Amino acid sequence: MEQSLNNIYYTKVGQGPHLCFLHGFCEDQRIWKLLIDELSKNYTCIAIDLPGFGKSNALRFKSLPEVAQAVSEIIRQENALNCVLFGHSMGGYLVAEYIHQFGSELRAAAFVHSTALADSELKKEKRAKTIDFISKNGSKAFFPIFITELVAARHLARLESDLAAMITNTPNQSIIDGHTAMMSREDRMETVSTWEQPVLYLKGEKDNHYGIFDTPYEAASCNLAQISEIKEVAHLSMLEDSSACLKVIQEFLNFVAVVA
């Protein structure tokens, strides 16, 4: 069922304990559909189109603290406190910020191809160049390059058309706002590492978005963590190999049921 709060669109399906899903940069809630189709048999699943993206693309994407507060309002509206919060890529940056602000209200959290670390100086420089390029030239030349960096080569032909249909819906201003927010975000590793609830780190074998040692380091720093790597996928395992991704998430939810 599609709903909205403050012009932020989201869907809520299923029944049982609450799960909430935050998509990544230039994506929307559809990125989670294959997983939610299965998980909603046992859980209530809330998937949000973040401000600036999907059906919420008329809004501006503000700072991560402000967007996290908007997510909190939806979770409260749906009486979903004590949910498990999943975030893909940029959505994971929001998960880290959410833990910083509202960690006591979550049962567990998952970083799906994501990190609690701030951008490196090199990545900040790359984002600044992208902002400058989009400001001067628009997004037409940006999208094809962006899409090829999301999935492993073996999956590109199968997924390219659907990804393009979703990603090219993103306004230029949202690309600029998203990059600005991500490059300006605070490092939340200390917050996440001292949090007492379970954390999932899911990574792709061929994901080049983060350093090879970053994810193991983060997981090892946490009190209760599951780290899982999916073979032959890059940055979008929920589409590249949805069955393997679903298996990892179900294992984590079983873990959460025992310890949290």
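**Close-up views of a predicted model**

**Figure 1. Helix H6 gives the largest share of the lining of the second largest pocket, five residues.** This is a predicted model: local features need pLDDT of at least 70, side-chain atom pairs count only at pLDDT 80 or more, and totals for chains, interfaces and linings use all residues. Residues are numbered from 1 along each chain as its sequence is written, and side-chain values use heavy atoms, with hydrogens and water left out. Helix H6 spans 153-167, and helix H1 (33-39) also supplies at least two lining residues. Helices (H or I, at least four residues) and strands (E, at least two) are DSSP runs, numbered from the N terminus. The lining includes Arg 30, Lys 33, Asp 162 and Met 166. By class it has seven nonpolar, no polar and three charged residues. Here Ala, Val, Leu, Ile, Met, Phe, Trp, Tyr, Cys and Pro count as nonpolar, Asp, Glu, Lys and Arg as charged, and the others, Gly among them, as polar. The pocket volume is about 260 Å³.

**Figure 2. The largest pocket has a volume of about 690 Å³.** A pocket is an open set of points on a 1 Å grid over the protein atoms alone, where a 1.4 Å probe fits, with protein on both sides within 12 Å along at least five of seven lines; lining residues have an atom within 4 Å of a point. Grid points are joined across faces, edges and corners, and the volume is the space filled by probe spheres set on them. The largest pocket has 29 lining residues; Lys 126, Phe 146, Glu 149, His 179 and His 209 lie nearest its centre. Helices H4 (121-137), H5 (142-148) and H7 (172-183) each give two or more residues to this lining. H4 gives the largest share, seven residues. The lining has 13 nonpolar, eight polar and eight charged residues.

**Figure 3. Helix H2 covers residues 64-77.** Its 14 residues reach 20 Å from first C-alpha to last, close to the 20 Å expected at 1.5 Å a residue. That expected span is 1.5 Å times one less than the number of residues. Buried residues (under 20% relative accessible area, 1.4 Å probe, protein chains only) in H2 include Leu 64, Val 67, Ala 68, Val 71 and Ile 75. An α-helix has 3.6 residues a turn, so residues three or four places apart point the same way. Just after H2, Asn 79 takes a positive phi of about 50°.

Methods. Buried means under 20% relative accessible area, exposed over 50%, partly exposed in between (1.4 Å probe, protein chains only).
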